[in-house]
Structures are given as C-alpha cells and as structure tokens.
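Dear colleague,

I am passing on the structure we spoke about, with the sequence alongside.

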Amino acid sequence: MIATVTLNPSIDYIVKAESLLPGGITRTREESVYPGGKGINVSVMLAGLGLESCAFGFTAGFTGEKIEGDLRAFGCRTAMIELKEGFSRINVKIHAQEESEINGHGPVITQEDVGRLLERLDGLKEGDWLVLAGSIPPGLPRNLYGQILARMQGRGIGCIVDAEGEALRCTLSGHPFLIKPNRHELSQLCGKELHTREEVIQAARCLQQQGARNVLVSMAGDGALLVPEDGPVLFRAPNRGQVVNSVGAGDSMVAGFLAGWCITGSMERALELGTACGSATAFTTWIADREQVAAQLANPGVFGLAPQEKLARPGKKGEKLWNVSTLEGEKVWVEFETTGAVCCAGSEEAPLEDEDFADVYRSGVFTVEKGMLVSVQDSGYRIHPFNGQITAIYRWLEEK
C-alpha cells in the first residue's frame, strides 16, 4: 500500500478571470472545486495511474467531509483523523494575467490528534510506501516528519519526503528513499542561489551526505535532475506545452516517480514517468488524468498506460473484459478481492438480479462514466478501473 500524509488538506476553489482587480469586483469566467494539499494531489495522481493509495491527515467540519467524499470519488482510500472543532481550510486559486493564491489557515490540531495519526501510521507494514508532503501547520512540532520517519526505521517501509526548510532537513537522518525539493527550496537548504546544473548536483550530494538516499530536483522550465544513491546523475528535459497551472505539478512528479519505480524498478523510467506527470498537470487546470499523462510519453505501454484497443466483438454475458474505455454508459460486473468469492455475471449457478448491486469493495454492477466505475446502487461511490482491489471486470448484458 502507498500511504500519503497531508497534515492540513483543503478545498481548492479555482477560478479564471480576465483580470484581478484589487479593491474592486472581479468577475470569474470559469470555476471549479477540488480537494487540495500536496499529499492529496499525490494520491489523486496515483489513482489515475492505477496504483491504490490511502490518504492520511486531518479533516474537520463540512469542508472535511467534502474533501473525503471527493477523494473517494477519485478512487482514493482515506484514513483521515476527524478533528472536533473548526473546519478544513478553503484555498482560493486565481488564474488571471498571473496566478494568485489566498490560502486558509485550517483547524487547530492538538498533540492528542497527532498521537492518533501516528498510531494509524504504525499500521503500515513491510513493503508499504509512505509519502510525507507539504508544510507542517502552526502549533505542531517542526520536526514532526522526522519523528514519523524515526518510527518507520527498520520496518522495510519506503519513505518519500516533499517538504521544505526544517521540515525536510530533520528527515535526512532517517534516510528517506527519496526527497524532492525544487531548485528554490534546495537553494534555501544550502544557503546560496543555485544557477547551474553542476551547482544543483553538488547541493543534492550534500543532502545525500546528510542521509537522503535519492534526490529529485524539479527545475520548472529547466527540467528535472535525479541524483541517485547508485549510478550516474540523470537529467530529463521538460516536456513541451502551454503551462496553465503550477499547482500540483511537483506533487504529480512525486506520484509519477513512485509509480514508475514500483512498475519498472528503474530510476530512469521513474524519472521519465515523473516528468510526464508533472508536465501533464502543468498543462491542465488541475491534476492530469491518465490519458493526459500518456500523451506526454513516447511509449506509454511501458507503464501500462497505452491506449486500449476497442473490443473486436460485442461478447456475451460473463465475458471477461480487459478494458472499459469503449463502454461509456454501459454496465459492467466488477469483482473485488476482499469478497473471497468468484461469481461470473449471469451464470446459471449464480444468476444476478437488479438488486445485486455493489457495496464498498463488494462485487456488483457498475456503470462506466468518463473512465470511472460508478456504483449503480450509489452514484456517489466511484472507483478507478485500475483500482488494486479489482480482480476482474466482466461484460454485463441485460436480459431481453
């Protein structure tokens, strides 16, 4: 399992306007609402790439309920600590002639709340991954990420840290598998401006000497550098496209890198997918979807993201499907591993009726809507067709 931690998640209200008029009224021409936070962005991108993750952190109030509901709709599991007071913050992202942000404060998090989070993270086991991303809210220990990494030591859990300043520095002694500062954050850590590629490499080596294993540095329009613990330094030029959004691009790179590493075990391939994910998100209004990422790759089939061919024939009831991309609006029968049962849709041994619908992680009938599987029983329950819980998908044909 991949666990992501977002200590102060948000509702992101994203608007587009011709111009931002301080002191006056700004009329929007487009607007959208998404769950926000660096770890949350990582989880959403992972879901789009077909990897299951669970989002940890803190939520509160009506906005907290909205965040968790949206995450489930994007195919992510959640294990948030619900706070007793306040509400999760609302951030406003304004796209006019330039990008502007108004970020909320968020609810108060107590030491008792932190203890509950640590107890949940203690449930991670060998082979799992933990992604710590974003800033540490006021009132919490500045070395909280370091404390979390210390609890993971010797347990076979891969840790990735995407933070800045002291929040990142205090994790180095815990030997995280990967850290991902951008060039500005890396400059702050080493106390000087970094202009050349060689200066960036030297600064990354310095962090390795302090304990980091692999250092991935995003450099916006100048591409990305990976300084691995073994092997040569790797560089990836930026993909070409019109940048429309910088929010979430670095988080998408983290998700893509982790997915690429899990799928291929190659640092070079991980950097390739990470760069593609970061670029795809920068070229759209929010976190890029599977198809947008695939468009940035020379060979998306390496990562299981190749365009899926249309089925050669209509098939029959009970036929196993290998893709659902051509079944928009149709019903399919989905099986989950947690049921422990195998049922072929419409078989004589187990005939299915309309009331045999799906519950959370229970086999049943779903419709295909915009690439997602939507429960017929509860349209608010949506999962990605590449969710790791799914063992098989079958064509569903209505009785005549």
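What follows is an account of the helix packing, and then of the pockets and the cavity.

Please keep in mind throughout that this is a predicted model.

Helix packing

I begin with H1 and H8, whose axes lie 8 Å apart and which pack at an angle of about 45°. That angle makes H1 oblique to H8, and the crossing of the two helices is right-handed. On the H1 side the contact is made by Lys 38, Asn 41, Val 42, Met 45, Leu 46 and Leu 49, while H8 brings Asp 251, Ser 252, Val 254, Ala 255, Gly 256 and Ala 259. Sorted by class, the residues of this contact of H1 with H8 comprise seven nonpolar, three polar and two charged.

The axes of H6 and H7, the latter covering residues 197-209, come within 10 Å and cross at roughly 60°. This makes H6 oblique to H7, and their crossing is left-handed. Arg 183, Leu 186, Leu 189 and Cys 190 of H6 make the contact with Val 200, Ala 203, Ala 204 and Leu 207 of H7. Seven of the residues in the contact of H6 with H7 are nonpolar, none is polar and one is charged.

For H3 (residues 111-121) and H4 (residues 144-152), the packing angle is about 30° and the axes are 11 Å apart. The two helices are therefore roughly parallel to each other, since angles under 35 degrees count as such, and the crossing of H3 and H4 is right-handed. H3 takes part in the contact through Val 114, Leu 118 and Leu 121, and H4 through Leu 144, Ile 148, Arg 151 and Met 152. By class, the contact of H3 with H4 has six nonpolar residues, no polar ones and one charged.

The largest pocket holds about 1,200 Å³ of space. Its lining is made up of 46 residues, and those nearest the centre of the pocket are Lys 38, Ser 246, Gly 248, Ala 249 and Gly 250. Two or more lining residues come from each of strand S2 (10-17), helix H1 (38-49), strand S6 (89-95), helix H6 (183-190), helix H8 (249-264) and helix H9 (267-282). The lining of the largest pocket divides into twelve nonpolar, 23 polar and eleven charged residues.

For the second largest pocket, the volume is about 920 Å³. It is lined by 36 residues, of which Lys 370, Gly 371, Met 372, His 384 and Pro 385 are the closest to its centre. At least two residues of this lining are supplied by each of H1, helix H2 (61-73), helix H10 (290-294), strand S14 (320-321) and strand S19 (390-395), and S19 gives the most to the lining of the second largest pocket, with four residues. In this lining, 17 residues are nonpolar, eleven are polar and eight are charged.

The cavity

The structure holds one cavity of 30 Å³ or more, and about 40 Å³ of space lies in the largest cavity. The residues that line the largest cavity are Ala 47, Gly 50, Leu 51, Glu 52, Gly 75, His 384, Phe 386 and Asn 387. Among them is His 384, which is also one of the residues closest to the centre of the second largest pocket. By class, the lining of the largest cavity has three nonpolar, four polar and one charged residue.

With best regards

How values were computed:
Residues numbered from 1 in each chain as written. Predicted model: local features only at pLDDT ≥ 70, side-chain atom pairs only at ≥ 80, totals over all residues. Heavy atoms only, no water. Axes fitted to C-alpha atoms, helices over the stretch in contact; angles between N-to-C directions. Parallel < 35°, antiparallel > 145°, perpendicular 65-115°, else oblique. Left-handed = near helix turned anticlockwise from the far one by under 90°. Contact = heavy atoms within 4.5 Å. Nonpolar A, V, L, I, M, F, W, Y, C, P; charged D, E, K, R; others polar. 1 Å grid on protein atoms, 1.4 Å probe; cavity = no way out; pocket = protein on both sides within 12 Å on 5 of 7 lines; lining within 4 Å. Points joined across faces, edges and corners; volume = space filled by probe spheres on them.
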